[in-house]
Amino acid sequence: MPKIRRIRLRPGDRKELESWVRARKTPQRRVERARIVLGSADGLSARAPRREVGVSLPTVKRWLDRYEAGGLAGLGDRPRRGRPRTSVTAEVEAEVVRRTLEEDPPSGTHWSTRLMAGAAGLHHGQVARIWRAHGLKPHLARTFKLSTDPEFVEKLRDVVGLYVDPPERAVVFAFDEKSRIQALDRTQPGLPMKKGRCGTMTHDYKRHGTTTLFAALDVATGEVIHECMPRHRHQEFLRFMNEVEKRTDPDLDLHVILDNHATHKHARVEAWLERHPRVRFHFTPTSASWLNLVERFFSELTQRQLKRLAVNSVKQLTDTITAYIENRNRDPAPFKWTAAAEEILAKVSRANATLATIH
């Protein structure tokens, strides 16, 4: 078996090399070089570092030569070939940032690295580095909507109070309807996921009708009372509320958090509330559906079940939704509200102040 020359470690180098090998944050290329040098110092054969480290014999010889010539410093990376990076002056960098923030490109709605490079006379890689340094991402945009409800503060405190400090001998439900859920089927069968390839599905689909999911999330337990119905009217809403009340302990009050949809404020709904005094509605502010915890459940349902679902009938769709929720209810997990009302109001105040300054 061929031997590689046995080198003699310099004083103190063994301890340093072994610490490189043990440390989790040491770059793997440095660990590789340390093992090569330690293997040579211990008198291992040429195949040992090649087999353990996974490098060729010329690589082993190269790093042994560099260690003998320069010690531990010789195991570092040397400057690579290629044209040296040209520096961008502070004035040019400031101009790129200013144009990104204050100007629009000649065509389109936002800058790209190549559009800005052409306008500023730079390479698109230089523009990308400037944007990263300043945290600029012109290709991204977030959506938002501030509530203009005159009773926003009162409704916010009411709903958040139910989450963080619910009343005694009462059940708090977060309620909403997920309307027009489409029963979609793909035009062609997709391919399953396998190693090195994700699953596939066609971009187009066939519609087979819609359904509306009525859901009441028990805030304390995470259990969901649900029912799928073909329409979304006050008749269906009252039918579902009767089911919710029937399935709740008659000795407990019911506090229902819901949005300002006209279905929830119909005259017959108000008459129903008068006949059921233990039920109380709490309305979220206008344009503040994010305040309703059941929306978190709808997001979970969409991502885990509906997004990739392929069905050929409304019945198959409703059966799938029912099976998912019933399986979830066997071991429900509640969503925990963590944002205090004062924190939300502070964010809303900052957002309103920013909008007022800009506009």
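A disulfide is taken here to be a pair of cysteine sulfur atoms within 2.5 Å. In this model, which is predicted, the count by that rule comes to 0 disulfides.

The helices come next. Two packed helices are described by the angle between their axes and the distance between the axes. For helix H1, which spans residues 13-22, and helix H2, which spans residues 28-41, the axes come within 9 Å and cross at roughly 135°. Angles over 145 degrees would count as roughly antiparallel and those of 65 to 115 as roughly perpendicular, and H1 and H2 are therefore oblique to each other. Their crossing is left-handed. On the H1 side the contact is made by Arg14, Leu17, Glu18, Trp20 and Val21, and on the H2 side by Arg30, Val31, Ala34, Arg35, Val37, Leu38 and Ala41. Divided by class, the residues of this contact between H1 and H2 comprise 8 nonpolar and 4 charged, with no polar ones.

H11 contributes Phe297, Glu300, Leu301, Arg304, Gln305 and Leu306 to the contact, while H12 contributes Leu317, Thr320, Ile321, Tyr324, Ile325 and Arg328. By class, the contact of H11 with H12 holds 7 nonpolar, 2 polar and 3 charged residues.

The last stop is Ile257, which is found in strand E4, residues 253-258. Is this residue, Ile257, buried or exposed? Its relative accessible area is 0%, and since buried means under 20%, Ile257 is buried. When residues up to four places away in sequence are not counted, Ile257 touches Val159, Leu162, Tyr163, Val172, Phe173, Ala174, Phe175, His282, Thr284 and Asn292. A separation can also be given for Ile257 and Ala216, which are 41 residues apart in sequence and, from C-alpha to C-alpha, 9.1 Å apart in space.

Definitions and conventions. Residues are numbered from 1 along each chain as its sequence is written. This is a predicted model: local features need pLDDT of at least 70, side-chain atom pairs count only at pLDDT 80 or more; totals for chains, interfaces and linings use all residues. Side-chain values use heavy atoms; hydrogens and water are left out. Axes are lines fitted to C-alpha atoms, for helices over the stretch in contact, and angles run from 0 to 180 degrees between N-to-C directions. Helices (H or I, at least four residues) and strands (E, at least two) are DSSP runs, numbered from the N terminus. Angles under 35 degrees count as roughly parallel, over 145 as roughly antiparallel, 65 to 115 as roughly perpendicular and the rest as oblique. A crossing is left-handed if the near helix is turned anticlockwise from the far one by less than a right angle, and right-handed if clockwise. Contact means heavy atoms within 4.5 Å. Ala, Val, Leu, Ile, Met, Phe, Trp, Tyr, Cys and Pro count as nonpolar, Asp, Glu, Lys and Arg as charged, and the others, Gly among them, as polar. Buried means under 20% relative accessible area, exposed over 50%, partly exposed in between (1.4 Å probe, protein chains only).
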